[in-house]
Amino acid sequence: MRKRARSPREPMSRVDTAWLRMDQPTNRMMIIGVLVFRGHADRARVKRLLEERFLAFPRFRQRAVATANGAYWQVDRDFDIGHHLRAIALPEPADKRELEDFVSELASSPLDPARPLWQFHLVENYRVDDGGEPCSVLVARIHHCYADGLALVQVLLSLTDTAPETSARAELARTWLKRDRGGVMERLLEPMQDGLQRLLAAGEKTWARVAEMLQDPAIAAQLAREGSEITRELAIALTLADDPVTSLKGRLGSAKRVAWARPLPLEEVKTIGKALDCTVNDVLLGCAAGALRGYLRDCGDDVDGQTIRATVPVNLRPLEHAKKLGNHFGLVFLDLPIGEGNPLRRLERVAACMRDLKGRRQAIVAFGLLAALGMAPAALQAPALELFSRKASAVATNVPGPQQPLFLAGVELREMMFWVPQTGSIGIGLSILSYDGRVYFGVIGDRKRVRDPDAIVQRFAEEFEKLVMIALMEDWSGELDASDAEATLLRYAG
């Protein structure tokens, strides 16, 4: 009997290998997307679409195989798309809570390592409104080792069309990137590509220094003052103080909970940002900080005067290459002033932190490569990951999506939401996505650390309404003052 030929192997990049190794029962390294249709999607048509467009990326036919010395990609000879596309029905009443429970279960469950690490579930009976007609939902899970969040959002968008019939399909991703130029963080990084390449070239020397710094904090402190530019920025990151202890910090379990809020009108967010002299990104992250503040206070935390950090993924690839797979991103630390009770002062502080990040370009690059851990020896990855995760309490992502209706398998998409994984001991993720004139906010959290994510997402709109009230009730003949804004809110609350 003839032996079956072994599938060819392709070495996995060190960065992608790092993300494969990071997968733990407490934090599954999956990017999760939820696409809600405005009607019923035909399963056979969705299957054909995945075969034609998703599998046009050969990587998605490959398994990720880890070894003691690294990892490699191998074609799955027994590939069956039936395993990767499942049709399910939610238990009645098949409403938002049931869908959130189902997505939570998927977020807590590992993908099958014997197969390519991705899966789609087509929900066939979801009811957006109580008593309304059922519609379909497509829930996607893709392991982070295949690509970063920006690239995978582009992959999912490649499944969509700008009209019901595929013959009217446009080059959506190219049009979107040209028009919107990515998010605020992505635009900040455009001048930094040269610095990134120098850092990559200096990889082994840099990681030798990192090993020294991990073993001896005194060396890190000295290098933060005296080292070369690259080493100094890495040392500064390593010597950041740990985040304060709140209900968000502590031992993690293996179960996740997800929730998402009803969307905000994007034009209203833009108007408030312009009125308060800040960016849309500032407004949304300020609202997220306020929502966390209210939630933690209800949990009994004394948050007054506290600031926690969120790690924010930042694209490091040229935007025209966004549809290429692989991980090519970094992280920055963003301050979330949960101890500030005044909504306008809280917004001012978020905006100030964002401006400060613009002036620390080399720091952003250094943080990104250290967070990716792709250049580090395997033995160094776990302690470096834990060291960095102690310095933040959350992961926050903000993706500006297409501002036009999209169609998938001939059916219009009504809503979109996604989550990126948390790393190490970080127990909560905040996701913001804009699509077709609306802004969606979602939370994913460890069940031990975030028992009721819905209590956070509900506060998001409330925090935005406070900023709207400030803008509507203030005297705009003079400069807006945070103390006056607080008095305005007290009058409104009273």
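Leaving aside its neighbours within four places in sequence, which residues is Asp243 in contact with? Before I answer, please keep in mind that this is a predicted model, in which local features need pLDDT of at least 70 and side-chain atom pairs count only at pLDDT 80 or more, while totals for chains, interfaces and linings use all residues. Residues are numbered from 1 along each chain as its sequence is written, and side-chain values use heavy atoms, with hydrogens and water left out.

With contact meaning heavy atoms within 4.5 Å, the partners of Asp243 are Thr307, Ile308, Arg309, Arg390, Lys391, Ala392 and Ser393. Asp243 itself sits in the loop between helix H11 (229-238) and strand E8 (256-260), where helices (H or I, at least four residues) and strands (E, at least two) are DSSP runs numbered from the N terminus.

Asp243 counts as buried because its relative accessibility is 8%, and buried here means under 20% relative accessible area, exposed over 50%, and partly exposed in between, with a 1.4 Å probe and protein chains only. Its side chain makes a polar contact with the side chain of Ser393 at 2.6 Å; a polar contact is a pair of N or O atoms within 3.5 Å, where, within protein, one must be able to donate a hydrogen and the other to accept it, and residues adjacent in sequence count only if both atoms are side-chain atoms. The side chain of Asp243 also reaches the backbone nitrogen of Arg309, at 3.0 Å.

Turning to Arg390, we find this residue in the loop between helix H16 (378-389) and strand E12 (394-400), and it counts as partly exposed because its relative accessibility is 33%. The side chains of Arg390 and Asp242 are joined by a polar contact of 3.2 Å.
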